[in-house]
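Student: I'm new to this one. Could you take me through a single part of it up close?

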Amino acid sequence: MNQTINKSALFNGSCFALITTGLSFSIRAGILSELGTEFNLTGEQLGYINSMWFFGFPISMILGGLFYHSVGPKNIMKLAFVAHTLGVLLTIFAGGYVGLLISMLCIGLGTGCTEAACNPMIADMYSGDKMNKMLNRFHMWFPGGIVMGALISKIMTQFDLGWQAQMGVIMIPAITYFILFYGKTFPEPKDEEATSLSSNLKAMVSPLYIFLLVCMALTAISEFGPGQWVGVVLGSSGADPMIILALTAGLVTVLRFFAGPVVSSLGQTGVLLGGAIFTALGIYLFSVVEGPIAYVAAVIYGLGYAYFWPVMVGAVAQRVPLSSALGMSVIGAIGMFSSGFFQPIIGNWIDEATVTNTAAGLEGTALELATGQDTLEKMMIFPIILIVLFTILFFWQKGKQPAASAAH
């Protein structure tokens, strides 16, 4: 492949695009309570607003994956920038509930375009061990962006800078990736597709792939549920919610950098089962502790979910290789759809707990604390089910060696 491409600029642009995704996740979490107050929204309505980000993401990711070769990554990233810009502006100038729904959908569409374009683009720029290293370093920047956003949101809130200004910060990395991509030559695919679409679909109706889809739905909400509602459910725990979000995301960033030796030592199924146990323990501790001990719970929780997303995608790549890139895109989309589906349910749990605890005579900080802890107790159901499912997967796949490489 004789192409003159600026790999450094394209890779750095991809990282800034993923930072944009991370910022949109944590800043949205940081301003959620303010949005509820500003527009007099219920917890369930806030949940639907959250869900738009999670629904937009998989829609554009699947479409981008299907049309990647015909449209090209450059055009997909142009759409990403337009969607991110529209989403931020529509949020800042939103007049109410419907406007916020539309704005969050736009941001979700932009983030999905980023995943659809940048993953295969990086794979086409590098090969072998270099490709694996660069893909891992690319994916570090989602939790890395969450850390940045959490700290930015906390600092801006302390200085009484409004939620509109916080949303505007998201445009800084967005404009940066637009500049880095502007005028650049993007790589062409290295090889033809190794399998046909019919082969992909046939592999995707296998029992193992369907089982992994169910697991992905629960790993995603176990990761994104507590994090997206951190300000609401932990705001009165005595610990700073945005510091907790930054702590867990920062830990995940470091852990993912060193994922190779961990997965090699414990295996995919061992890592997933151990992760489910630590995630359940972390959420349980969140539901019963107060004050600085909540930071210990955050570390345990981060240890739990750190490898969920990349190892689930890797399990598809290596254990259902004929599903190819489409299979990996779909399992990622299922994770986001699941997260979107459960957001209003979690919001409703908060509403119900508020009513119950108010009827019990609680008010003020005591009411908020009890409501948050009751909600977290219900969130434990997700990793508890995963412990059962990953135990089944562990014995199901015991002794079976994953394929050396995925079909692309």
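Student: Where is the place of Leu-66?

Tutor: Leu-66 sits in helix H2; helices here are DSSP runs of H or I with at least four residues, numbered from the N terminus. Before we zoom in, this is a predicted model, where local features need pLDDT of at least 70, side-chain atom pairs count only at pLDDT 80 or more, and totals for chains, interfaces and linings use all residues. Residues are numbered from 1 along each chain as its sequence is written, and side-chain values use heavy atoms, with hydrogens and water left out.

Back to our residue. Leu-66 is partly exposed, with a relative accessible area of 47%; that label covers what lies between buried (under 20%) and exposed (over 50%), using a 1.4 Å probe and protein chains only. Leu-66 also belongs to a nonpolar patch on the surface, together with Ile-59, Leu-63, Phe-67, Val-71, Leu-197, Leu-201 and Phe-337. To join such a patch, a residue needs over 30% relative accessible area and no salt bridge, and nonpolar side chains are linked within 5 Å. A salt bridge would be a side-chain nitrogen of Lys or Arg within 4 Å of a carboxyl oxygen of Asp or Glu. Together the patch members have about 690 Å² of accessible area, by the Shrake-Rupley method with a 1.4 Å probe.

Helix H2 (43–66) and helix H10 (197–204) each give two or more residues to the patch, and H2 gives the most, with three.

As for confidence, the mean pLDDT (the predictor's confidence in each residue, from 0 to 100) is 86, and 92% of residues reach 70 or more.

Methods
Patch = residues over 30% accessible without salt bridge, like charges linked within 9 Å, V, L, I, M, F, W, Y side chains within 5 Å.
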